[in-house]
Each structure stands twice: as structure tokens, then as C-alpha cells.
Amino acid sequence: MAPAVPRSGDAIFANVERVNAELFTLTYGAIVRQLLTDLEEVEEVNKQLDQMGYNIGIRLIDEFLAKSNVTRCVNFRETAEVIAKVGFKMFLGVTASVTNWDQEGTCCSLILEDNPLVDFVELPDTCQGLYYCNILSGVVRGALEMVSMKTEITWIRDMLRGDDAFELQVKLLKQVPEEYPYKDD
Ligand code: MYR
């Protein structure tokens with residue numbers, strides 16, 4: 001039946017986007033639930049989510065570089081801003097802020113106040129050690145490894161654990177110089 005008031009194209013697309021986002025959120029929830037059933041140990045689920053994210057990240061970087069037109073960052077500070085403002089927006093639909101820099105400019109935090117992965121999510125007491133969004137840390141680690149940056153990623157704050165935001169610490173361990181298959185003579 002046609003709606004009494006025809007909806008504009010924009011309204012329909014907004015609706016499709018909302019439904020897609022909800023489907024994405026619910027699908028991720030179903031994956032986590034299945035892992036909890038299969039692996040039983042929360043620690044194992046954390047590891048598996050991180051590994052899944054890493055496998056996604058090492059592929060997603062190509063799409064990111066192709067679609068974003070981002071060129072080489074001059075330093076890690078710029079890289080962190082690109083992840084927070086361009087990468088998160090592209091794949092998660094939200095941006096993060098970048099704070100808590102160390103003096104060397106090799107360690108910072110990405111803060112997410114809004115995280116679509118956790119819409120509708122509440123963790124039961126049995127899952128208290130779970131890093132529900134661990135897929136994100138794996139994605140960032142995998143993507144950065146593909147652009148020669150070895151990182152260590154740690155959750156500092158987690159809203160599902162009662163914190164006021166999600167805080168992901170990104171520490172640059174090593175920047176591997178680009179390797180070319182041949183040398184100029
Ligand atoms: C460079 O200097 O080569 C540019 C580096 C840009 C790296 C951007 C990585 C994007 C990661 C997206 C994460 C999305 C998480 C949902």
C-alpha cells in the first residue's frame with residue numbers, strides 16, 4: 001500500500017541507511033554470541049575478534065586508500081587523525097577524537113563517544129571480561145600494518161564496562177621502511 005504521505009528520496013535513503021546500520025550491528029552481535037557459544041572462554045573470544053578484525057584490516061586498507069584519496073601522512077599524528085576522522089567515518093559512520101598524546105608523538109588515544117557496534121548491547125555478568133568491540137582494534141592494527149606501521153592497540157575505556165566513552169590506545173611500535181623490489185643503479 002502506498003504511504004499516505006509520499007516520502008522524499010532523501011527520507012527513503014536515510015531509512016535504508018538506518019536499516020543497514022541496524023542490520024550490521026545485529027549481525028556483529030550474532031557473531032560475538034556465536035563465538036561465546038563456540039569458544040566458551042571470554043579471553044579466547046577477545047583473541048578471535050581481534051584476529052577477525054586484523055584479517056579485515058589488511059584487506060580494507062586498499063579500499064580505504066582508493067576511496068579516500070588520502071596520501072602518505074607526514075607523521076603518526078597525522079595518521080591518527082586520518083584514522084579517526086576519515087577511516088572511522090568511512091567504515092563505522094562516526095568520527096573519533098584523538099587525545100592523550102605522549103611526548104614522542106608515538107602513542108595516543110582514539111575516543112569514540114558514539115559507537116554503532118554497541119547499539120542494543122548489554123553484557124551479562126558472565127561476559128564481564130569481554131572486549132566486545134575487539135574487532136575494531138584488530139582492524140586498525142591490520143590496516144596500519146599494511147602501511148608499514150606495527151602497532152599495539154589497547155582498550156582503555158569501554159562503555160559496556162560502565163565507562164563514559166570508548167578509548168582505544170594506539171601505540172606505534174615500529175615503522176618499517178618501505179621496501180622496493182629493486183634498487184636504482
Ligand atoms: C599513510 O601514511 O600511508 C596513510 C595511512 C592511513 C591509514 C589509515 C588506516 C585506516 C583504518 C580504518 C579503520 C576503520 C575502523 C572502523
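This is a predicted model: local features need pLDDT of at least 70, side-chain atom pairs count only at pLDDT 80 or more; totals for chains, interfaces and linings use all residues.
**Entry 1: ground rules**

I number residues from 1 along each chain as its sequence is written.

I looked up the confidence values next, with pLDDT being the predictor's confidence in each residue, from 0 to 100. The chain has a mean pLDDT of 90, and 88% of its residues reach 70 or more; the model scores are ipTM 0.95 and pTM 0.88.

**Entry 2: the elements**

I took helices (H or I, at least four residues) and strands (E, at least two) as DSSP runs, numbered from the N terminus. On this basis I find 4 helices and 4 strands in the chain, and from the N terminus on they follow the order α-α-α-β-β-α-β-β.

For burial I call a residue buried if 20 or more other C-beta atoms lie within 10 Å of its own, exposed if 12 or fewer, and partly exposed in between, with C-beta atoms placed from the backbone. Of the 185 residues in the chain, 23% are buried. I count two residues as in contact if their C-beta atoms, placed from the backbone, lie within 7 Å. Among contacts between residues at least 6 apart in sequence, 57% join residues at least 24 apart.

**Entry 3: the sheet**

In what order do the strands of the open sheet stand? I read the order as β1-β2-β4-β3, an open sheet of 4 strands with antiparallel pairing. At its edges stand β1 and β3, each with a single partner strand, so one side of each is left without a neighbour in the sheet. Direction ignored, neighbouring strands of this sheet are turned by 30 degrees against each other on average, where axes are lines fitted to C-alpha atoms, for helices over the stretch in contact, and angles run from 0 to 180 degrees between N-to-C directions. Helix α4 packs on the sheet, where it touches β3 and β4, and its direction makes about 160 degrees with that of β3.

I then went through the pairs one by one, two strands being paired if DSSP finds at least two bridges between them.

- Strand β1 (residues 97–99) is joined to strand β2 (residues 107–112) by 3 bridges, and the two run antiparallel; here V98 stands opposite L110.
- Strand β2 pairs with strand β4 (residues 166–175) in the antiparallel sense over 6 bridges. On this side L110 faces L168 in β4, C108 stands opposite V170, and C107 stands opposite K171.
- Strand β3 (residues 149–157) is joined to β4 by 8 bridges, again antiparallel, and T151 has L172 as its bridge partner in β4.

I note that L110 stands opposite V98 and also opposite L168.

**Entry 4: around the ligand**

Which residues are closest to the ligand? I find 16 residues around it, the closest being C73, G87, F91, A143 and V147, where near means that the C-beta atom, placed from the backbone, lies within 6 Å. The elements giving two or more residues to this shell are α3 (76–92) and α4 (134–146), and the largest share, 7 residues, comes from α3.

By class, the shell holds 13 nonpolar residues, 2 polar and 1 charged; Ala, Val, Leu, Ile, Met, Phe, Trp, Tyr, Cys and Pro count as nonpolar, Asp, Glu, Lys and Arg as charged, and the others, Gly among them, as polar.

**Entry 5: single residues**

I looked up M146, which lies in helix α4 and is partly exposed, with 15 other C-beta atoms within 10 Å. Not counting residues up to four places away in sequence, M146 touches I58 and I61. From Q128 it is 18 residues away in sequence and 32 Å away in space, C-alpha to C-alpha.

Where does N100 lie? N100 is in the loop between β1 and β2, and although it is not a glycine, N100 has a positive phi of about 55 degrees. With 12 other C-beta atoms within 10 Å, N100 is exposed.

I also checked F120, which sits in the loop between β2 and α4 and has a positive phi of about 70 degrees although it is not a glycine. F120 is exposed, with 8 other C-beta atoms within 10 Å.
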